[in-house]
Amino acid sequence: MPDKKFNLKERYELAIVGCGPAGMAAALNAKIRNKDFVLLGQEFCSPKLAKAAQVDNFLGFPEIKGEELRQRFLQHLKQMQIEIVPWKVTAIYPGEPFTLTDNKVFIQADAVIIATGVSAQKLFKGEAELLGKGVGYCATCDGPLYRNKTVAIIAYEPEAEDEANYLAGICSQVFYIPYYQEIKRLDERIIVKKSKVKEISGVTQVEKLVLEQEDLAVDAVFILREYVPAEQLVPGLEMEKGAIKVNHNLETNIPGLFAAGDCTGQLYQLLKAAGEGATAALSAVKYLDGLKGKNQ
Ligand SMILES: Cc1cc2nc3c(=O)[nH]c(=O)nc-3n(C[C@H](O)[C@H](O)[C@H](O)COP(=O)(O)OP(=O)(O)OC[C@H]3O[C@@H](n4cnc5c(N)ncnc54)[C@H](O)[C@@H]3O)c2cc1C
């Protein structure tokens, strides 16, 4: 059931995940085409846009600050009565319809556009090799596999504390390695290690987490970043050189699933992101109209 705290329905024609220039442009076009859609994002849309000190290559807006452009984008959405629902999507399960979740509540959509940008964070040594062999990105999904075992959580934001608290109730020991300043509501059974991670190691399965000063013997390591890697977000999503593989219509390998913006690979530019967002929305509209025809 959708969370009443957010303005979410149980089902939409289209869900747009990510509220940067790509997601916002997609939403604008979905609105113009009169689709029943939801625009999902994290609290601040978008950090990258705000960080651009001066943008010189956005047609019609010479020498504009990123923050000013961001405000204009948000104002445009407001004018079109488009709301951004602050909801971090942690998994998208393909199907007819797609199911999207934040690990707590679920919504459905007939088509989905991924516009989640890219993360500049590097993978830890051993992360890629041991992914699925003790390394995971969703503690509440995979946690039960490690009942009565020892796990570590590498956390980039306070929201991870809820997942750690859940694991504290089922695992024999939980280590917590925060990559942010202030811990807010961590269960007292959890051992906090304020240290940097050097490596995740193991032969066929995770065996230890190597920190700067010590090694922790663990059965699993959950890495909870702000950005969920696209291939982790959607099971079976085809990637190419670390980006979501799309064609000219911004279709992925999964019917009804589209991608736009930085997440589809270089160039990492505002106009490319916005242009792809618009194209993805129009492709999604065509797909949805096709579905309607099929079901009549
Ligand atoms: C310092 C800096 C300067 C730049 N200068 C320029 C410039 O001058 N000109 C130019 O063309 N480009 C510039 N860029 C690049 C430009 O900002 C990006 O190409 C553009 O923001 C990409 O848009 P996007 O929508 O694909 O992704 P983003 O802007 O990264 O937006 C993605 C959004 O999705 C949200 N999100 C991610 N995962 C989830 C999830 N699982 N659930 C819900 N929401 C999620 C994120 O919080 C974010 O708000 C600059 C970038 C930086 C960092």
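## Ground rules

Residue numbers start from 1 along each chain, in the order its sequence is written. Because the model is predicted, local features need pLDDT of at least 70 and side-chain atom pairs count only at pLDDT 80 or more, while totals for chains, interfaces and linings use all residues.

Helices (H or I, at least four residues) and strands (E, at least two) are DSSP runs, numbered from the N terminus.

## The parallel sheet

Strand S8 (residues 150-155) and strand S9 (residues 173-178) run parallel and are joined by 6 bridges. One of the residues involved is Ala-155, whose bridge partner in S9 is Pro-178.

## Backbone spots worth a look

Most residues other than glycine have a negative phi, and most peptide bonds are trans. Two peptide bonds here are cis: Cys-45 to Ser-46, with omega near -15°, and Glu-96 to Pro-97, with omega near 5°. Ser-46 lies in the loop between strand S2 (37-41) and helix H2 (47-51), and Pro-97 in the loop between strand S4 (91-93) and strand S5 (98-101).

Glu-63, not a glycine, has a positive phi of about 50°, and Leu-250, also not a glycine, has one of about 65°. Glu-63 counts as exposed, because it has 8 C-beta neighbours inside 10 Å. Leu-250 is buried, with 28 other C-beta atoms within 10 Å. The cut-offs are 20 or more other C-beta atoms within 10 Å for buried, 12 or fewer for exposed, and partly exposed in between, with C-beta atoms placed from the backbone.

## Around the ligand

Of the 32 residues around the ligand, Gly-18, Gly-20, Ala-22, Gly-117 and Gly-261 come nearest; a residue is near if its C-beta atom, placed from the backbone, lies within 6 Å. Helix H1 (21-32), S2, H2 and helix H7 (270-295) each supply at least two residues of this shell.

The shell divides into 17 nonpolar, 11 polar and 4 charged residues. Ala, Val, Leu, Ile, Met, Phe, Trp, Tyr, Cys and Pro count as nonpolar, Asp, Glu, Lys and Arg as charged, and the others, Gly among them, as polar.

Methods. Two strands pair if DSSP finds at least two bridges between them.
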